Amino acid sequence: MPVVWWLKQDVRLADNPALRAALADAEVRRTTVLPVYCFEPSILNAEETGALHVAAWAEALADLRARLRHNNSDGHGGDVLVLHGDAVGAFDQLRGAVGISAIHAHEEVGSDVTFTRDRAVRRWAKANDIPLHEHRQTGVFRPLPDRDARRTLWRQFMDDGPLAAPNTEALQRIRVPDAARALEASEAALLDDPAEAPAAVAAAFGHPLTEAQRTHRQPVSETAAQATLDDFLHRRGLCYSGGISSPNTAFRCGSRLSVHLAWGTLTGRQAYAATEARILELAEIGHPDAGRWRKSLRSFLSRLHWRDHFVQRLESEPAMEFAPLNAAYAALPTPGDAHLDAWLAGRTGWPLVDACMRCLAATGFLNFRMRAMVTSAAVHSLRIDWRRTLYPLAQRWADYVPGIHISQTQMQAGVVGINQLRVYSPHKQLADHDPAATFVKTWISELADAPALSILYHHEHPVEGYPAPLVDWAASSKAMKADYYAIKRMPETKALADQVYARHGSRRSPSSRTWKSGRSNGARKKKPAPPKQPGPAPLFGEE
């Protein structure tokens with residue numbers, strides 16, 4: 001009976017603990033490894049799933065299948081078995097067809113739909129006496145014994161370094177038996193053409209790509225991930241620091257690794273190790289721009305740390321998908337829910353907000369500052385309930401990571417209660433980061449011929465042919481702040497904030513753990529200010 005390597009968000013060969021463990025287990029058992037990927041209806045039909053997600057899964061699978069076939073010198077067997085069905089039913093069929101001696105997979109920190117699926121698979125495996133092993137692939141810890149220990153654990157995990165891809169001899173152990181092949185989904189044939197697979201598979205599963213998405217979507221595969229990482233570390237990364245705030249430069253200066261980190265075609269540990277090696281290399285060769293490079297790459301390393309910090313929140317508190325971490329803010333009024341559709345369509349009347357939403361619909365990407373701004377516009381200015389933005393935005397992000405998306409949506413909305421409330425002015429952001437309206441004109445056809453100055457002052461003197469702002473930004477934001485701070489000042493809100501910080505706050509120094517009580521080993525009596533929480537960290541994904 002084969003050992004099953006259950007692929008989820010880890011469609012790659014390098015730095016794959018689940019694959020390594022499956023190969024080692026199969027060697028001990030003197031059997032083969034059967035890679036299995038399931039297109040699951042519960043996930044395909046989930047509110048969070050969008051066309052760019054399905055296209056990414058398909059492209060990564062097509063690339064991996066091609067690499068496995070190439071690595072099998074006898075030309076037989078090396079492949080991934082692709083099934084269509086919920087995991088428990090698929091594994092039960094597989095057990096009946098070829099038997100399963102063990103299952104190896106990675107620990108997935110997903111939304112409720114994948115969390116529910118994983119629990120069901122664990123129950124099934126236990127009932128059928130099949131060992132199920134889940135392996136850590138990120139710096140997120142299950143269980144986390146102590147939030148104060150997370151930083152040390154994360155550093156240890158990163159310092160272990162990435163695992164090399166298995167050699168050709170080890171990959172020879174990967175086989176798909178004929179009896180298992182008979183179960184394969186008809187859609188699997190669409191993966192045989194890597195160039196066409198993303199659009200074909202997405203359409204087959206009810207998530208057709210738009211023409212704009214076909215044109216602008218970023219390739220997602222292990223091969224593309226390595227090329228993107230190399231390009232960032234040797235060329236584009238020089239302008240990372242200072243270049244990722246503007247939407248005009250972020251597409252070039254950002255790492256563009258977020259899709260690969262999201263879908264597992266690259267790990268944070270791989271990116272971390274390669275970046276540290278590049279910093280050392282630049283110093284050794286005496287690169288003339290070594291200082292600027294070092295500043296940019298150190299900034300990127302910090303964002304890799306914050307990625308796992310935010311995902312850890314969802315791992316530790318799955319209920320945050322449905323309720324604010326600080327329960328007091330559930331009472332925050334949301335009178336603007338009727339504006340949701342206009343916001344999603346890029347019809348708010350705020351040029352930079354609308355350009356961002358239209359860009360997002362086409363590309364699946366925005367830089368951090370613009371992601372923060374559009375969320376602020378929805379929640380703070382239009383007064384839309386943050387929970388109503390959650391799944392529609394998730395569908396649109398090409399780099400969707402539930403832990404980051406949910407954590408950062410709550411943080412930007414202000415319902416975590418341990419961060420400074422940041423209300424972004426769309427007028428100021430336009431003046432600061434797109435003063436010539438280059439980005440706006442690219443994505444809003446109605447404003448393509450309008451003078452930049454007219455676009456900058458559209459909120460005061462609306463440009464003909466483009467909608468006026470849905471609400472007065474200053475008045476609406478002022479009203480929201482009044483509602484927000486009325487809740488924040490309540491004693492019960494402050495008590496809940498202490499609890500949230502104890503469970504989820506960042507730990508920048510040993511003393512930071514004592515901010516609630518204001519004491520450190522009994523020596524401190526004056527309550528210090530809460531430690532500064534992350535500012536421009538990677539909202540919804542690394543920039």
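## Charges over rings

Before going on, a word about the model. It is predicted, so local features need pLDDT of at least 70 and side-chain atom pairs count only at pLDDT 80 or more, while totals for chains, interfaces and linings use all residues. Residues are numbered from 1 along each chain as its sequence is written, and side-chain values use heavy atoms, leaving out hydrogens and water.

## Aromatic pairs

How many aromatic pairs does a search of the whole structure find? There are 13. Rings of Phe, Tyr and Trp (its six-membered ring) pair if their centres lie within 6.5 Å; planes under 30 degrees apart count as stacked, over 60 as edge-to-face and the rest as tilted. The ring centres of Phe232 and Tyr240 are 5.6 Å apart and their planes stand at 70 degrees, so this pair is edge-to-face. Phe232 is buried, at 0% relative accessibility, and Tyr240 is buried too, with a relative accessible area of 0%. (Buried means under 20% relative accessible area, exposed over 50%, and partly exposed in between, using a 1.4 Å probe and protein chains only.)

Now look at Phe251 and Phe365: their ring centres are 4.9 Å apart with planes at 75 degrees, so they are edge-to-face. Phe251 lies in helix H13 (residues 250–253) and Phe365 in the loop between helix H18 (351–363) and helix H19 (368–381), so the pair ties together parts that are 114 residues apart in sequence. Helices (H or I, at least four residues) and strands (E, at least two) are DSSP runs, numbered from the N terminus. Phe251 is partly exposed at 29%, whereas Phe365 is buried at 2%. Elsewhere, ring pairs link Trp6, Phe91 and Trp124 into a cluster.

Most residues other than glycine have a negative phi, and most peptide bonds are trans. Against that background, the bond from Arg142 to Pro143 is cis, with omega near -10 degrees. Pro143 belongs to the loop between strand E5 (132–135) and helix H6 (150–159).

Asp15 has a positive phi, near 45 degrees. Asp15 is found in the loop between strand E1 (3–7) and helix H1 (17–29), and is buried at 1% relative accessible area. Arg383 also has a positive phi, near 65 degrees; its loop runs between H19 and helix H20 (386–396), and Arg383 is buried at 7%.
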